[in-house]
Amino acid sequence: MEIDRKKGVHSESAVLVGVQLPDSHEESEPLTELAGLVESAGAEIVGRLHQRREAPDPAAYLGKGKLESLQQMVAAAEADVIVFDNDLSPAQVRNLEQATKVKVLDRTELILDIFSTRAQTHEARLAVELAQLEYSLPRLKRMWTHLSRLKMGVGMRGPGEKQLETDRRLVERRIVDLKRDLEKVLRRKEREVAARSDRMTVSLVGYTNAGKSTLLNRLTAGEVYAKDQLFATLDTRTRRWRLPSWGPVLLSDTVGFIRDLPHRLIASFKATLEEARQADLLLHVADASNPAVFDQIKAVHSVLAEIGIDQKDTLLVLNKADNADDKQLAVIESRYPGSVRVSAHTGDGLDRLESAVSEALSQGFVEADVVTAVGNGKLFAYLAKHGEILSRTFNEDRVAIHCRVPKKYLGRIAAGDAEVVVRTASDSGVLGGGNVDGGIVLPASDNALSDSAMDDVA
Ligand SMILES: Nc1nc2c(ncn2[C@@H]2O[C@H](COP(=O)(O)OP(=O)(O)OP(=O)(O)O)[C@@H](O)[C@H]2O)c(=O)[nH]1
Ligand SMILES: [Mg+2]
């Protein structure tokens, strides 16, 4: 038997199989999400098979009777590929392929396959290749057609043990190279993102297909690829977003999440998720029209926890309100008070979203008195640009500036040859609302604000 493993599932006919285990995720309509993934990958669905089992069968995951049904279904529909909703061991894949004579993919492989066709930037390509190779290493026996692309010409038949050993070493070497390249990308990215840290940054996160890119486009009039497919976006885009009554902040889009996202994939996408890691505020976009919205919100929380950013300030955005059932919206809102319902399509609720974001960002502001030399125009400009100047009091060659500024700039302001005294309470205005526990005095320093610290981004 020879099965072409090179092609993924594009334009093929696929049979979907799912086994419901007692502790595994349960969908109201089984295989819905898998079907979305398979269609996203460009395949046609020609059959579905679902089974409840206490435990997977070690040999073929399915029980004997169901395996026979599967064989018949594949033959009758002339399917090219079987896609499992569960993750399979290498032996199970081999046995299933032998029994059905067609290619078998599991959920992780399918996701990796979609990622590999969508990855656009150098960084996303590296991330996907690494995740794919790490996944395939223990599965090399059936991966040799894929490997032939890497190294040898076509026409290679099945690998002998020696060949396998060579392949394994090649893959391992490539993995080391990829990790090193990704590490470099990550460090560069960290520097890039940190360099724009004197702008408030907001990051869109959420389940795949929730409408993050559409929302980014709508809010910033940018040109970001948005499409009704899972994992339309694999690369982050950052745009300037002019918040009314606030000013410009940076808004970035990210790769969508999915339940049971392969851990390796999350690890490989670290550089892509750097924007979200350093953001001042996360906008968690959920598709309120999806019956599985609660599961999706939970799945996003667990990915955020895995990246270590689940403690960040987060605003839940209930998108696709135009398409959602009013009752469902009310249920979500009572479960998540403080969430904001919007429609990226009709534009409904975007004004409320903008106010909610402004308010959330204000939490990061403090009122302070900054005392500096009258001639320190640079610092004055900096305060005006990033905060709000409330009053100025001159005293000979010194000026005391009463202002409202983001907490995170305090260090930088103090470094600009100034004394900074943070007031304990602030009477909240447009930008205000920040509360500080006690008056903090930051010492003046000799370092004047450097040009780069003053640089504007975007
Ligand atoms: N009805 C309706 N559809 C929407 C809305 N917002 C987005 N969509 C549609 O939902 C689909 C997914 O939108 P995207 O913006 O690509 O979603 P995403 O979250 O960026 O998806 P990934 O990049 O795959 O993670 C597209 O077909 C959009 O047109 C909305 O408010 N209402
Ligand atoms: Mg997107």
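Biologist: In the largest nonpolar core, which residues touch the most other members?

Modeller: The model is a predicted one. The members that touch the most others are Val38, Ile82, Val83, Val202, Ala286 and Val317.

Biologist: How many residues are in the other core, which lies apart from this one?

Modeller: This other core includes Phe365, Ala368, Tyr382 and Ala415. One of these, Tyr382, belongs to helix H14 (residues 377-386) and is buried there. The number of residues in this core is 17.

Biologist: Is Asn319 buried or exposed?

Modeller: Asn319 is placed in strand S9 (residues 314-319). A residue is classed as buried when 20 or more other C-beta atoms lie within 10 Å of its own. Asn319 has 28 C-beta neighbours inside 10 Å, and therefore it counts as buried.

Biologist: Which residues are in contact with Asn319, leaving aside its neighbours within four places in sequence?

Modeller: Contact requires C-beta atoms within 7 Å. The C-alpha atoms of Asn319 and Leu182, by comparison, are separated by 33 Å. With its neighbours within four places in sequence left aside, Asn319 is in contact with Ala210, Gly211, Leu215, Val285, Ala286, Asp287, Ala288, Val342, Ser343 and Ala344.

Biologist: At which residues does UniProt place the feature "binding site"?

Modeller: The annotation comes from an unreviewed UniProt entry. One of its positions is found in helix H8 (residues 212-220), namely Ser213. Ser213 has 23 other C-beta atoms within 10 Å, so Ser213 is buried. The record places the feature at Ser213 and Thr233.

Biologist: What is the phi of Asn209, which is not a glycine?

Modeller: Asn209 is located in the loop between strand S5 (201-206) and H8. Asn209 is buried, because 25 other C-beta atoms lie within 10 Å. Its phi is positive, at about 75°.

Biologist: Is Lys101 buried or exposed?

Modeller: Lys101 lies in the loop between helix H3 (90-100) and strand S4 (103-105). Although it is not a glycine, Lys101 has a positive phi of about 65°. Lys101 has 12 C-beta neighbours inside 10 Å, so it counts as exposed.

Biologist: Which are the edge strands of the open sheet that four strands form?

Modeller: The strands are in the order S2-S1-S3-S4, with parallel pairing. An edge strand pairs on one side only, and the edge strands are strand S2 (44-52) and S4.

Biologist: Which residue in S3 is the bridge partner of Val17?

Modeller: Strand S1 (residues 13-20) and strand S3 (residues 81-84) run parallel and are joined by four bridges. Helix H2 (residues 64-77) lies across S1, S2 and S3. In S3, the partner of Val17 is Phe84.

Definitions and conventions:
Residues numbered from 1 in each chain as written. Chains lettered and ligands numbered in written order. Predicted model: local features only at pLDDT ≥ 70, side-chain atom pairs only at ≥ 80, totals over all residues. UniProt positions renumbered as here; feature names shortened; annotations may be inferred. Helix = DSSP H or I, 4+ residues; strand = E, 2+ residues; numbered from the N terminus. Contact = placed C-beta atoms within 7 Å. Core = buried A, V, L, I, M, F, W, Y, C linked by C-beta atoms within 7 Å. Pairing = 2+ DSSP bridges. Axes fitted to C-alpha atoms, helices over the stretch in contact; angles between N-to-C directions.
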